[in-house]
Amino acid sequence: MGVQRRFGGLWQPWQPSHALLVIPLALIVGITILDLNVPADVHLGPLLVVAPALTASFAGPWRTGAIGLLAVMAQAYIGLHFGVLFTERNVMIQILALSVLSAMIVFFCVVRERRQQELAKVRSVAEAAQKALLRPLPHRIGPLHIASLYLAAEEEAEVGGDLYTATRTDKGTRMIIGDVRGKGLAAIGESALLLGAFRETAHQHPTLPALAAALDRSVCRYLTDFIESDRDIPEHFITALLLEIPHEEPAARMTDCGHPPPLLLSRHRVTTVPSLHPAPPLGMGGMSGAEPDRYTTDEIAFAAGDTLLLYTDGVTEARDRNGAFYPLAQRVANWTSCDPESLLHHLRLDLLAHCHGHLDDDAALIAIRRTPAPQARHRLGTFRRADGIRH
């Protein structure tokens, strides 16, 4: 068992990359054969160092060391074949130089592998923290069928400055989607603050304006405590859209705090639903007082079969090579009959194709479809059977 752990770098399950070992092995055999057949004044043995150098690009230190050892043995065989292994000083120098170079290559492989392991640990911790912060939305909450999509602008990141979450209350479902000014790690702290405040207070306030005022106070306190300079506080804010969907009413209510308006997909039509009285973004209430009467509620007709599409400005501000913004409402019109998962799948592919795979800002999308209540589906089925219509 100890031998297996010690030499685990040599004996591992077969992987497609292992086929690449044929290349350095073929180089060693080819260079050796050529050196044995060329004129005596031509020495190709020093080229054997190419084999371990090439192996280091795709293999670990154990396999690189094995290829280096084979290269040294091939160099020694060439000297032994010509009978000059122990008589020619140059041959011994070549063997020694090849051994030193192979050892250095193996050393750099060890350093690289340790750094890769450390980076993998850091990434695993970061991914766990990111997933804990931005938990996936449930696919079903009451009569709601939900799908979500997050595209981070920074490479190797899963979350950034955009945020969303949902919770079920006595009256229905409350959701929030927001966008912290900025992106990357600097915005994650403010995202975590707002998500935590929403999860804590969403059940405590009877109306969305009261909830928005409470969230604004939380963000203002955070900015006062953690922003280094008072002059920088006005530069930090969070646009947010609060949504409340009663399970028993064909409607939805929203409070818009400087966030892009949702889209309503209904009967093969796409309608932008702007707020009649939008409020400033969260975090700016400290300048004028975060009172509930600063916020209003807009009601949206949201019947069974309709879909609400929430998004952040990273979607609509994505540009193509000519600088044109992504026409979200126009593109969504092609997929109004899709279920939420399919809709976001099409949007993801289309958005990334529009911006050629590179987003300048984080982008988040949530698709919410109201499904018919079980009683309504049962009555509909009874009516169809009574009419003798089969579907």
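The dialogue below sets computed values for this predicted model against the cut-offs behind each label.

Student: Why is Cys 220 called buried?
Tutor: Its relative accessibility is 15%. Buried means under 20%, so Cys 220 qualifies. Cys 338, at 18%, is therefore buried as well.

Student: How many disulfides does the structure hold?
Tutor: It holds zero disulfides. The label requires a pair of cysteine sulfur atoms within 2.5 Å.

Student: What makes the pair Glu 244 and Arg 174 a salt bridge?
Tutor: The closest N and O atoms of Glu 244 and Arg 174 are 2.7 Å apart. The cut-off is within 4 Å, so the pair counts as a salt bridge. The count for the structure comes to five salt bridges.

Student: Where do Glu 244 and Arg 174 lie in the chain?
Tutor: Glu 244 is in strand 5 (residues 238–246) and Arg 174 in strand 4 (residues 172–180). They are 70 residues apart, and the pair links distant parts of the chain.

Student: How do you know whether Glu 244 is buried or exposed?
Tutor: Glu 244 has a relative accessible area of 8%, and the limit for buried is under 20%, so Glu 244 is buried. Arg 174, at 3%, is buried by that rule too.

Student: Which salt bridges does Arg 253 form with Glu 244 and Glu 249, and at what distances?
Tutor: The side chains of Arg 253 and Glu 244 meet at 3.3 Å, N to O. Those of Arg 253 and Glu 249 meet at 3.7 Å, which still falls within 4 Å. Salt bridges that share partners join Arg 174, Glu 244, Glu 249, Arg 253 and Glu 299 into one network.

Student: Why is Glu 249 called partly exposed?
Tutor: Its relative accessibility is 36%. Buried requires under 20% and exposed over 50%, so Glu 249 falls in between. Arg 253, at 19%, is under the 20% limit and is therefore buried.

Student: How do you know that Asp 306 has no salt bridge?
Tutor: The nearest side chain of opposite charge, Arg 267, is 6.0 Å away, whereas a salt bridge must be within 4 Å.

Student: What polar partners does the side chain of Asp 306 have?
Tutor: A polar contact of 2.9 Å joins it to the side chain of Ser 266.

Technical notes
Residues numbered from 1 in each chain as written. Predicted model: local features only at pLDDT ≥ 70, side-chain atom pairs only at ≥ 80, totals over all residues. Heavy atoms only, no water. Buried < 20%, exposed > 50% of the residue type's maximum accessible area, 1.4 Å probe, protein only. Helix = DSSP H or I, 4+ residues; strand = E, 2+ residues; numbered from the N terminus. Lys, Arg positive; Asp, Glu negative; His and termini not counted. Polar contact = N/O pair within 3.5 Å; in protein donor to acceptor, adjacent residues only side chain to side chain.
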